[in-house]
Amino acid sequence: MKINPWQINFEYINTKIMNRQNFIKKGLLGSGIFAASAASARIMKNDIDEIEPLEALDADAVHYNSDQLENHSVFHKATSRGHANHGWLQSNHTFSFANYHNPERMHFGVLRVLNDDVVAAGRGFGLHPHDNMEIISIPLEGDLEHEDSMGNQAIIRKGDIQVMSAGTGIMHSEYNKNNDQAVKFLQIWVYPNQRNVAPRYDQITLDRSQRHNKLQQILSPDPSDEGVWIHQDAWFHMGHFDNGISTNYKIKQAGNGVYIFVISGSINVEGQELETRDGFGIWDVSEIKLTATSADTEILLMDLNMILN
């Protein structure tokens, strides 16, 4: 049964809950963002801030300092990220998000959110809404269970890439499927280049051996290209490198910038040393060189439109 998530009726919610007791139970044990009682079909909202709507931004939302402008780059040390501790959720925010407000880190081009999340065993985000955002989830450890108002039910694991085009609006939940281990994943939000598109869900499983000592494309704007696709001029790649291995990356579209996030190990990008969980953005370049400076170095490279539409 598919519905317009912004016209959800209580009859649907009541039926959904009565048939999915475990789904609701986990939602309540997690954030309980939006939960409905089978008896009253009443929607309740708590005060957790991880999924509050983001403020609107424009092209002048970030003011880089003179050194950043001169070098066409920004460096975000892992230890400088915002942190939220909700007990069941530990979240590090590269960009301004929820209670972490940093006017110097509102976005990098169309990249708005890069959250590094750890969800405790058996816990998670209850049913909650999104609209007009491209949302990408990349599991790093454990199993993340997903349900949404389009009728999708799925589990994503390391090696999988999940994407949602929220468009006119969706509601979904995500929680740790396992009761004996945490789940770790990257949650990424990208502004779309089209508003109010039809909501869409997709996930794929990739052969991780294809990123050994090279970059594997995991996302693009083209449905027929490698990886998942989104409504934006963006290309994502992941790479897993041995110490000393170098690779060159050519920017896909003139005017795009590149943001690199180090998942593990360390790497040198155009003279900038990056360590685990550091982030580095660079623009006004056509090609960059990357050299792993430790064994078992894994990175996420995001080639992004720098203009907010």
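**Entry 1: ground rules**

I count a residue as buried under 20% relative accessible area, as exposed over 50%, and as partly exposed in between, with a 1.4 Å probe and protein chains only. Helices (H or I, at least four residues) and strands (E, at least two) are taken as DSSP runs, numbered from the N terminus. This is a predicted model, in which local features need pLDDT of at least 70, side-chain atom pairs count only at pLDDT 80 or more, and totals for chains, interfaces and linings use all residues. Residues are numbered from 1 along each chain as its sequence is written, and side-chain values use heavy atoms, with hydrogens and water left out.

**Entry 2: strand β11**

I looked up β11, which spans residues 160–165, and found six of its six residues buried. In a regular strand the side chains alternate between the two faces of the sheet.

Next I looked up the partners of β11, where two strands pair if DSSP finds at least two bridges between them. Strand β8 (residues 134–141) pairs with β11 in the antiparallel sense, over four bridges. In this pairing, isoleucine 136 stands opposite valine 163 of β11. Strand β14 (residues 200–205) also pairs with β11 in the antiparallel sense, over six bridges. Here serine 165 stands opposite arginine 200 of β14.

**Entry 3: the sheet**

Which sheet holds β11, and in what order do the strands run? I found an open sheet of seven strands with antiparallel pairing, in the order β4-β5-β6-β13-β8-β11-β14. Its edge strands are β4 (82–85) and β14, each of which pairs on one side only. Direction ignored, neighbouring strands of this sheet are turned by 15 degrees against each other on average. The axes behind that angle are lines fitted to C-alpha atoms, for helices over the stretch in contact, and angles run from 0 to 180 degrees between N-to-C directions.

I then took the pair of β8 and β13 (residues 183–190), which is antiparallel with seven bridges. Isoleucine 135 has tryptophan 189 of β13 as its bridge partner.

**Entry 4: salt bridges**

I use a side-chain nitrogen of Lys or Arg within 4 Å of a carboxyl oxygen of Asp or Glu as the salt-bridge rule. The count by this rule is nine salt bridges.

One of them joins the side chains of lysine 184 and glutamate 141, at 3.7 Å from N to O. Lysine 184 is in strand β13 and glutamate 141 in strand β8, 43 residues apart, and the pair links distant parts of the chain. Lysine 184 counts as partly exposed because its relative accessibility is 28%. Glutamate 141 is partly exposed too, with a relative accessible area of 41%.

Glutamate 298 came up in another salt bridge, with the side chain of arginine 208, at 3.7 Å from N to O. Glutamate 298 lies in strand β24 (residues 297–305) and arginine 208 in the loop between β14 and β15 (215–220), so this pair ties together parts 90 residues apart in sequence. Arginine 208 is partly exposed, with a relative accessible area of 29%.

Arginine 211 also forms a salt bridge with glutamate 298, the closest N and O atoms being 3.7 Å apart. Arginine 211 lies in the loop between β14 and β15, so its pairing with glutamate 298 in β24 ties together parts 87 residues apart in sequence. Is glutamate 298 buried or exposed? Glutamate 298 counts as buried, at 7% relative accessibility. Arginine 211 counts as buried at 3%.

**Entry 5: asparagine 256**

I looked up asparagine 256, which has its place in strand β19 (residues 256–264). Asparagine 256 counts as buried because its relative accessibility is 2%.

For polar contacts I use a pair of N or O atoms within 3.5 Å; within protein, one must be able to donate a hydrogen and the other to accept it, and residues adjacent in sequence count only if both atoms are side-chain atoms. A polar atom of the asparagine 256 side chain lies 3.3 Å from the backbone oxygen of aspartate 233. With contact meaning heavy atoms within 4.5 Å, and residues up to four places away in sequence not counted, asparagine 256 touches Asp233, Trp235, Ile251, Asp303, Leu304, Asn305 and Met306.

**Entry 6: serine 173**

Serine 173 lies in strand β12 (residues 170–176). Serine 173 counts as buried because its relative accessibility is 1%. Its C-alpha atom is separated by 5.6 Å from that of phenylalanine 125, 48 residues apart along the chain.
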